[in-house]
Amino acid sequence: MSTREGSLEAPTRHPLDWRNPAFYDEKQCLDEMERVFDICHGCRRCVSLCNAFPTLFDLVDESETMEVDGVDRKDYWSVVDQCYLCDVCYMTKCPYVPPHEWNVDFPHLMLRAKAIQFRAGTPTAFRDRNLSATDRNGRLATIPVVVQAVNAANRMPAARKLLEGALGVHRDAWLPPFSSRTFRSNPPGSAATEVKDGQRSPGKVAIFSTCYVNYNEPGIGADLASILNHNAVPFVTVEKEACCGMPKLELGDLESVAALKEKNIPKLAKLAREGYAILAPIPSCALMFKQELPLMFPDDADVQVVKAAMYDPFEYLMLRHRDGLLQTEFPRALGRVSYHVACHLRVQNIGQKTREALQLVPGTEVNVIERCSGHAGTWGVKKEFHPIAMKIGRPVFRQATEHPGGEPDWVASDCQLAGHHIEQGMAPKADGKIAHPLTLLRMAYGLN
């Protein structure tokens, strides 16, 4: 029995022993779920974070014993299905994470269960595999002519109804349009400037564009490039990058994560050893290289080198600012900005660097929203989860409209998927107001 109610020490993460056959032993996993669920039932601090905890607590409260031992183990899987691995419970709420002796790591326990599910096969396996194949989908959807057809179909109610029936993608869920011109097919050029290393920040950057920026909104990558050029930071774009692996991780498809790691890490490690800071403009992708791959491959030196070189763009820019190397003349005010901190940015433990950067702009009032939007990558577009995703997002939708200074001029999230999910939940109040923070900073600099 613990002598402490909770831990005041910084959370630590154990490596993920995913190649051990015991990792996939269903009984052992269920035993660990029962242990952890019992601790969660006695605490209940995470009840407002997502739908996994209300699902668990309802199962307990409706059981004959009103304890975890009264819950049928087959119902544990309904809790697993509701977890989308945002990691917020681990990093911001749970008092029993390691090094506490109870050693509770709810997200990675759910990941283990998802990996067992994935190996066994599920009724939605076809849908889930296809939705998480972001590179393949992007390559196919951005073929000339095809891209127009795909984007048009995504806007047609009849086509969306067919897609819901055939693939299980909710007819009302916002789907990202594809760009006819990808980021990597026409990467922006770096200005010929001298590499100026700071005390805290490397003086040259490699842009890991991410699937979303490459195939869906290349303008975000162009904004980042413009900001780097304006600040005299030479950059390159990562050649032949593959998906970071986060969509496959969230599915429990760890072998595919490993395959994608083999495509990305050698190139990224080479850049890191050459002194580049690697910037990923989507938080989930940065988190993959900062946390999940290092925990899956703790003994891989290249993975650890990439981890040390990976930055969120605003984390990097604020380090440049601390080094006295960031341009701070902003000719354009941004006004009132409702800024949503994406979950996968919160758990990077870097502080609110995006807020800090936007607040450097005179005439800008940033109202911060620290709560999950509910989108969670592919989870929020699935037929069975989209209504729940909208429900989870309601407090965020409301807070985004309630800027202390009045009606917001802009609504922004570091996760552009979350941003558009918020836009859908705020409609029509957010029409024309959604912009990525990098876009806002580029605008504040007065750059075209």
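Okay, let's start with the nonpolar core: the largest one has 128 residues, and M33, F106 and M110 are the members that touch the most others in it. Keep in mind that this is a predicted model. Which helix gives the most to this core? That's helix 13, residues 254-273, which puts in 8 residues.

Let's zoom in on F106. Leaving out anything up to four places away in sequence, F106 touches V36, F37 and C40, then A52 and F53, and also V79, C83 and C89. As general background, nonpolar side chains in soluble globular proteins tend to be buried together.

We've got 3 strands here in an open sheet, ordered 6-5-7, and the pairing is parallel. Which strands sit at the edges? Strand 6, at 364-369, and strand 7, at 410-413, since each of those pairs on one side only. On average, neighbouring strands are turned by 25 degrees against each other, if you ignore direction.

Strand 5, residues 335-340, runs parallel to strand 6, and 6 bridges join the two.

Two helices to mention here. Helix 19, residues 386-401, packs on the sheet and touches strands 5, 6 and 7; its direction makes about 165 degrees with that of strand 6. Helix 21, residues 437-444, packs on the sheet too, touching strand 5 and strand 7, and its direction is at about 130 degrees to that of strand 7.

That's my bit, over to you.

Definitions and conventions. Residues numbered from 1 in each chain as written. Predicted model: local features only at pLDDT ≥ 70, side-chain atom pairs only at ≥ 80, totals over all residues. Heavy atoms only, no water. Pairing = 2+ DSSP bridges. Helix = DSSP H or I, 4+ residues; strand = E, 2+ residues; numbered from the N terminus. Axes fitted to C-alpha atoms, helices over the stretch in contact; angles between N-to-C directions. Contact = heavy atoms within 4.5 Å. Core = buried A, V, L, I, M, F, W, Y, C linked by side-chain atoms within 4.5 Å. Buried < 20%, exposed > 50% of the residue type's maximum accessible area, 1.4 Å probe, protein only.
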